[in-house]
Amino acid sequence: MSDFLHFSEHTLQEVALVFMTCVYVIRIVWFLRFAAGKERQGQTGSGATSPTKGFIYSWANVAMPWAMESTRTKRSLYVQFVLFHLGVTTAIGLSFVIPYAPGLLENRVLVLVLQIVIGLAFLVGVRRFIRRVSDPYMRAISSPDDYFSLVLLTAWFLFAVLAVPNNSAGGEWHLLTYFWLTAFFLVYVPFSKISHYLYYPFTRYYFGRSMGYRGVYPIRRVHKAKTS
Amino acid sequence: MKKSTAEDSRSHKAQVVVDRLGEKLNRQIVGSLVACVHCGLCTDSCHYVLSNPGDPTYAPAYKADRIRKIFKRHYDWTGRVFPWLVGAETIMTDEELEELKDIAFGKCTNCRRCSLNCPMGVDFATVNRMTRGLLVSVGIMPEGVATVSKDQWEIGNQMGVLKEDYLETLEWMEEELQDELDDPSARIPVDKRDCAVVYSINPREAKYDPRTIGDAAKIFHAAGEDWTMPSDGWDMTNFGLFSGDDELGGAVARHLFDRVQELGGKKLVISECGHGYRSTRCEAPNWAKYDVPFEMESSVETMLRYVKEGRIKLDKTRNSEPVTFHDSCNLARSCGMTEEPRELLNLVCTDFREMYPNREENYCCTGGGGAMSMSEYTPRRLKSGKIKAEQLKATGAKVVVTSCHNCVDGLTDVIRHYELDMKVTQLVNLVAEALVIEKPARAPAVAEELPLAGRRIVVADDEPDQLLYLATVMEDYGATVYQAATGDEALELARKEKPDLVTLDLSMPGRPVTEIFELLRSDSELEGLKICLITGRPEMRELIYQRMEIPPDGYLDKPLSEDDLLRGVRKVLELSHQEG
């Protein structure tokens, strides 16, 4: 391993990670400085609903594709969502495994599984890009950040697939590219839409609690056999 | 030399909107503004999108971005540092505010369907309501919103119903009830103190649909309820919900809550109205910062409770036509009331058919969010009703029931526009129809006088079928009818025959009906003549109601059932009789 690759795997990542953490902390502090709206109304709806049940249901929503019409009727998009986010998690994990636990990657089966997971995420990234460019509805709501973040992640997946075996015998360029992309990713993320997961727990908490107060969450699925 | 900045050239109103946006932000709103990932999953959840294929400007995320970009430019530092990257833009001119108005009021009914379909929990409906509030605060809003808000501020109810008219309607309904039940103890008590129930209504009931008041009174009477209606502060609707004006919302709510407290009422029962129930029961305590010390319930819950407690008996065979149910957005998606109306429906009719999708996934009637008062958007609203029309048609029902007055009007327009063979009614009407009341035995009348006997009426309508129908019904009930196919003919007949009443269709060929109306009103020989408007275009109401010094004596919406026509005409004529 060259010194440059060692620097890229360690120091560069650590600095980028610290930077990302700092910006995240600032963003969270900024967000929490907005006072939360209060609810004075008495609870409506049946006894099966409550603010607590509401926000738990709301948080669990991500794992219940049947709960929302938008995910129930667009199953392929939900599958893409799952694959994409599995790929993100795996590729992030890889950036820790390579420098700190490279021995794990001597297991060929594990390498293959990781490559498949990240490879599928790469394909989803390509599919998502095509959808964003070709669908007039998607184009109308897309900002430069939407395109750039998607391209960045998709490219990152590609190099993550190549980096999984952690083999520099044929050259280090793929590992270097993966780690430099990871570092750029860590620095860029707090400024982009990719940081949505930072707000997700809050938005779903407040929306779920409110819907729980109003007797809407958890949604009662009764006699809805014909629902689209 | 001072460098010019964007702030220097921004219009005053745009600057106020930018500043007030900052004051409106709370954590929930900010969350909804920063969390959208533009995944597009909300797109197909909007009835505007589904009825306007190929037009992405109706997509919820697109609409939300119109205010989101301003937020990002001014309040989110990523947008301040990298505006080009995250699509942040400021707003500079009044024209841009007008464009924002077109989106916030004209392309969204705040139905909340997209909010429930957003994986991120972005509540676009709340963001849109906030946007409306910002625009209203600088006077940029549809004319109808301004008119209705003004009425609610100044007169205390959103349809400008005067106290004397309201009380007269209650008296009239009380008389009708006593006649129907042949029971002088059947009353509509006003301002009775310390009652178990204070009943509040939508002003639409007093103005256009008094039958619902009579039906509710019949049910309260049959249940032996200790109830009353306030003479003031009786409007449970709240235009603050639609206009985004929390101040109006709070003031209206306090007026109602204070009145219930003054009367010492134990429980406030809110008549069947989606936005009224949501406003009063859920939002108002927040807007008014008021901890409500009494119970509140929807009349749907009240009626169901009466049945369960055995206080009223129903004969469901009296409602045998196939019936479907339309969930109001406000009740289903913002108050969780989906099962109670169904439970009651199954007790009150023999053939209930579910509509799909339903409950919190139902589509908007198109009349929500105050859309019925924004006549400039009517063509767009009716076009967006395509998906609703398909839903209704698929049920095969002849009657669509809804627990919301906006939905009644919205659905009636959709049914008329898409030529569906259906009528709209409310649960209170079905329950009153099915109510089993044992009347005391009495000897049959030898001969009853027809209700319109001796009345002379000029009926004007340019549609021959409609003219014949109206004339036939009125003649069957004893009136002498003169038919006119144009406004000028109606004017000529009125001057010649000196009738008690002229009914005018609002859209007839020839001279504008507003002009005919003015000529009838200003003719000294026709003093005391009553004028009733009958039209299939409710958006034209404003032409007469808001612009004439003396409004018409009555207003009826087409299509009209025989009962509604007779009731409306009798009301206009009986008021004239009382005045005489």
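The exercises below, each with a worked solution, concern the structure shown above.

The structure is a predicted model, in which local features need pLDDT of at least 70 and side-chain atom pairs count only at pLDDT 80 or more, while totals for chains, interfaces and linings use all residues. Residues are numbered from 1 along each chain as its sequence is written, chains are lettered from A and ligands numbered from 1 in the order in which they are written, and side-chain values use heavy atoms, with hydrogens and water left out.

**Exercise 1. Describe chain A: state its secondary structure, its extent and how many of its residues are buried.**

Step 1. Helices (H or I, at least four residues) and strands (E, at least two) are DSSP runs, numbered from the N terminus. Chain A has 10 helices and zero strands, and its pattern along the sequence is α-α-α-α-α-α-α-α-α-α.

Step 2. The C-alpha trace of chain A spans about 65 × 45 × 40 Å along its principal axes.

Step 3. Buried means under 20% relative accessible area, exposed over 50%, and partly exposed in between (1.4 Å probe, protein chains only). Of the 228 residues in chain A, 50% count as buried.

Step 4. A contact means heavy atoms within 4.5 Å. Among the contacts in chain A with a separation of 6 or more, 76% come from residues 24 or more positions apart.

**Exercise 2. State which domains the assignment gives for chain B, and what distance separates the centres of domain 2 and domain 4.**

Step 1. Domain bounds come from an automatic or database domain assignment. For chain B this gives domain 1 (6-141), domain 2 (154-308), domain 3 (316-434) and domain 4 (456-579).

Step 2. Taken over C-alpha atoms, the centres of domain 2 and domain 4 of chain B are 30 Å apart.

**Exercise 3. Determine how many disulfides the structure holds, and examine B:Cys349 and B:Cys407.**

Step 1. A disulfide is a pair of cysteine sulfur atoms within 2.5 Å. Over all chains, the structure holds zero disulfides.

Step 2. For B:Cys349, the nearest cysteine sulfur belongs to B:Cys407 and is 18 Å away. B:Cys349 is buried, at 2% relative accessibility.

Step 3. For B:Cys407, the closest cysteine sulfur is in B:Cys404, at 3.5 Å, which is too far for a bond. B:Cys407 is likewise buried, at 4% relative accessibility.

**Exercise 4. Describe how H18(B) packs against H20(B), and what covers the buried residues of H20(B).**

Step 1. Two packed helices are described by the angle between their axes and the distance between the axes. Axes are lines fitted to C-alpha atoms, for helices over the stretch in contact, and angles run from 0 to 180 degrees between N-to-C directions. The axes of helix H18 (residues 299-308) and helix H20 (residues 339-348) of chain B come within 9 Å and cross at roughly 45°.

Step 2. H18(B) is therefore oblique to H20(B). Under the classification used, angles under 35 degrees are roughly parallel, over 145 roughly antiparallel, 65 to 115 roughly perpendicular, and the rest oblique.

Step 3. The crossing of H18(B) and H20(B) is left-handed, a term used if the near helix is turned anticlockwise from the far one by less than a right angle (right-handed if clockwise).

Step 4. Residues of H18(B) at the meeting include B:Val300, B:Met303 and B:Leu304, and those of H20(B) include B:Pro341, B:Leu344 and B:Leu347.

Step 5. In H20(B), seven of its 10 residues are buried, among them B:Pro341, B:Leu344 and B:Val348. The cover over these buried residues includes H18, strand S5 (323-326), strand S6 (352-353), strand S7 (399-402) and helix H24 (427-434) of chain B.

**Exercise 5. Is B:Val161 buried or exposed, and is B:Ser524 buried or exposed?**

Step 1. B:Val161 is found in the loop between helix H11 (143-154) and helix H12 (163-181) of chain B. With a relative accessible area of 8%, B:Val161 is buried.

Step 2. Leaving out residues up to four places away in sequence, B:Val161 touches residues including B:Tyr166, B:Pro203 and B:Trp234.

Step 3. B:Ser524 is placed in the loop between helix H27 (513-522) and strand S12 (530-535) of chain B. With a relative accessible area of 61%, B:Ser524 is exposed.

Step 4. B:Ser524 and B:Asp76 lie 448 residues apart in sequence and 66 Å apart in space, C-alpha to C-alpha.
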